[in-house]
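Student: Could you walk me through this one, feature by feature? I'd like to learn how to read each thing before we move on.

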Amino acid sequence: MHRLPFAIGVTARAQRAGSGLFLNALSRTLHSTSFATVTVEAISSSHPAEVKNLVQGEWKVSSGWNWLLDPLNGSPFIKVADVQEAEIEPFVHSLCRCPKYGLHNPLRAQDRYLLYGDVSAKAARMLAQPQVSEFFARLIQRVSPKSYNQALGEVNVTQKFLENFSGDQVRFLARSFAVPGNHLGQQSHGYRWPYGPVAIITPFNFPLEIPVLQLMGALYMGNKPIIKVDSKVSIVMEQMLRLLHDCGLPREDVDFINSDGKTMNKLLREAKPQMTLFTGSSRVAENLAVDLKGRIKLEDAGYDWKILGPDVQEVDYVAWVCDQDAYACSGQKCSAQSILFIHENWASSELLSKMQLLAGRRKLQDLTIGPVLTVTTESMLEHIQKLLKIPGSELLFGGEELENHSIPKIYGALKPTAVFVPLAEILKPDNFELVTKEIFGPFQEVLGKSVNGTTYAGIRARTTGAPQNHWFGPAGDPRGAGIGTPEAIKLVWSCHREIIHDIGPLPQNWEIPPPS
Ligand SMILES: NC(=O)c1ccc[n+]([C@@H]2O[C@H](COP(=O)([O-])OP(=O)(O)OC[C@H]3O[C@@H](n4cnc5c(N)ncnc54)[C@H](O)[C@@H]3O)[C@@H](O)[C@H]2O)c1
């Protein structure tokens with residue numbers, strides 16, 4: 001694949017500007033996206049993009065390709081390499097080459113902590129350039145349709161994260177400590193130690209933010225990761241890896257594979273990474289935990305609650321937050337509001353009618369509502385019908401397929417929907433499982449357990465936060481992973497190693513004591 005400059009509308013603007021000033025700007029533009037091998041707006045069935053694998057520093061194709069359908073019109077527009085079970089050997093070999101003590105650690109190749117501070121600083125600068133952030137925001141929109149602001153938000157979080165770990169911040173992640181011993185010459189040192197070979201598996205809904213934050217965390221601590229992003233969106237991470245290479249990421253530090261879950265599962269069982277970070281559904285998470293004999297950390301499905309207590313205030317604001325939390329990204333955030341408990345005081349306020357008005361503003365044209373990538377329209381409608389059979393339940397709004405769309409049938413297209421279910425009915429064991437089933441789409445129940453250990457409290461509280469400035473991850477599960485912060489990186493991507501120095505001297509006149 002040739003490297004294509006990203007230059008949307010250049011000809012038209014060149015005609016308008018025609019000045020030296022413009023040429024300077026143009027050369028900067030071309031330079032800033034010179035890592036890219038795709039032109040975002042041009043990707044179509046007549047100009048399909050290709051996504052390759054990266055193994056041992058080389059971009060490679062595989063024998064098979066997976067054709068992706070454009071989620072907005074159903075035409076095949078991206079071919080993604082599809083590694084077959086018989087082709088995993090180079091990936092297994094590459095991972096197995098990394099020793100258990102990692103690519104660097106507090107006692108070895110320490111210069112690489114500085115290298116990664118430098119790579120992060122350069123990548124943050126690149127992502128801060130408007131042409132580059134626009135490139136990634138638009139690319140995200142093509143494969144995981146969400147509004148421009150939501151897509152750009154993902155790029156901005158990633159950019160801030162990279163800024164956070166610039167300069168010396170990477171080495172500070174590996175800060176050690178020492179405890180005085182019992183006698184002269186004895187001292188114990190606690191180190192943050194890498195796992196060595198590791199794997200990262202991430203879902204479709206945040207194609208840039210989740211893989212970059214976890215990948216960089218793994219690298220900072222000295223691990224060698226293989227990363228698999230859901231093939232529906234992996235083009236975004238493929239392009240980001242090319243940007244990172246341009247910013248100095250050593251090409252052999254990361255392998256990138258595109259395959260189905262079954263092939264990835266086989267690879268993991270053969271390569272036996274010391275640790276795997278999985279972000280995705282609880283079903284796959286639980287299976288992997290068994291297959292990998294517990295060497296795993298999880299950020300799994302989210303069924304997120306919002307509770308509105310008795311004090312009714314700022315109804316417009318609260319209605320807006322509820323709308324954003326439930327329907328932004330068409331409800332496909334792991335932190336999306338799945339259930340809203342409202343005190344009867346709110347039920348008699350204008351909250352629900354305001355939420356309905358806000359939901360009605362969402363349009364397919366600007367992707368404030370859009371394709372649902374893992375649940376079909378049919379199964380979402382079926383779920384709604386089941387809920388409506390519960391005595392006292394009621395459709396508040398939505399409950400219909402989007403109008404005038406060409407979203408292919410393999411995906412879902414549902415208007416923002418809310419169903420009221422009486423609290424007393426939910427508590428009945430027969431209903432509980434049905435009501436608390438995660439529907440990863442623009443759907444919420446209103447009433448009348450979040451798996452996330454991240455709680456937002458107060459009048460401006462929301463369920464969906466941007467996780468580069470605070471911990472985001474489940475609580476109460478020893479396998480629970482986190483993302484974004486120094487604590488999350490240290491917990492997920494390093495283990496504790498203790499070295500006790502005991503260098504003497506022996507006490508004067510020491511004699512062999514009786515056996516004990
Ligand atoms: N907790 C969080 O931070 C968080 C963040 C985003 C999404 N999610 C959750 O992710 C889910 C939606 O994402 P999804 O539908 O892509 O999830 P998924 O579990 O179907 O897929 C996630 C990833 O796992 C891979 N995979 C599937 N089977 C596998 C196997 N047997 N072995 C190895 N890899 C396998 C997929 O290809 C994909 O890359 C929702 O449940 C959502 O709540 C959670």
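Student: Let's start with α9: is the helix mostly covered or mostly uncovered?

Tutor: Count neighbours: a residue is buried if 20 or more other C-beta atoms lie within 10 Å of its own, exposed if 12 or fewer, and partly exposed in between, with C-beta atoms placed from the backbone. By that count α9 is mostly covered, with 10 of its 13 residues buried. Those are Ser234, Ile235, Val236, Met237, Glu238, Gln239, Met240, Leu241, Leu243 and Leu244. Bear in mind that this is a predicted model, where local features need pLDDT of at least 70, side-chain atom pairs count only at pLDDT 80 or more, and totals for chains, interfaces and linings use all residues. Residue numbers start from 1 along each chain as its sequence is written.

Student: Which residues does α9 run over, and how far does it reach from its first C-alpha to its last?

Tutor: Helices (H or I, at least four residues) and strands (E, at least two) are DSSP runs, numbered from the N terminus. The expected span of a helix is 1.5 Å times one less than its number of residues. α9 covers residues 234–246 and reaches 19 Å, close to the expected 18 Å. Just after α9, Gly248 has a positive phi of about 105°.

Student: What about the span of α5?

Tutor: The 14 residues of α5 (130–143) should span 20 Å at 1.5 Å a residue, and the end C-alpha atoms are 20 Å apart, so the two agree. Buried residues in α5 include Phe135, Phe136, Leu139 and Ile140.

Student: How many residues make up the largest nonpolar core?

Tutor: General idea first: in soluble globular proteins, nonpolar side chains tend to be buried together. A nonpolar core here is a set of buried Ala, Val, Leu, Ile, Met, Phe, Trp, Tyr and Cys residues joined through C-beta atoms within 7 Å. The largest one has 92 residues, and Phe91, Phe136, Leu208, Tyr220 and Val236 have the most contacts inside it. Helix α8 (residues 209–220) gives the largest share of this core, 8 residues. A second, separate core of 35 residues includes Leu351, Met355, Val372 and Phe420.

Student: Which residues does Tyr220 touch?

Tutor: Two residues are in contact if their C-beta atoms, placed from the backbone, lie within 7 Å. Leaving out residues up to four places away in sequence, Tyr220 touches Tyr116, Phe165, Val170, Leu173 and Ile489.

Student: And which domains does the chain have?

Tutor: Domain bounds come from an automatic or database domain assignment. That assignment gives domain 1 (33–111 + 187–300) and domain 2 (304–455). Their contact takes 9 residues from domain 1 and 11 residues from domain 2. The centres of the two domains, taken over C-alpha atoms, are 33 Å apart.

Student: Why does Lys293 count as exposed?

Tutor: Because Lys293 has 9 other C-beta atoms within 10 Å. Glu314 is exposed too, because 12 C-beta neighbours lie inside 10 Å. Leu357, in helix α14 (residues 351–360), is partly exposed because 13 C-beta neighbours lie inside 10 Å.
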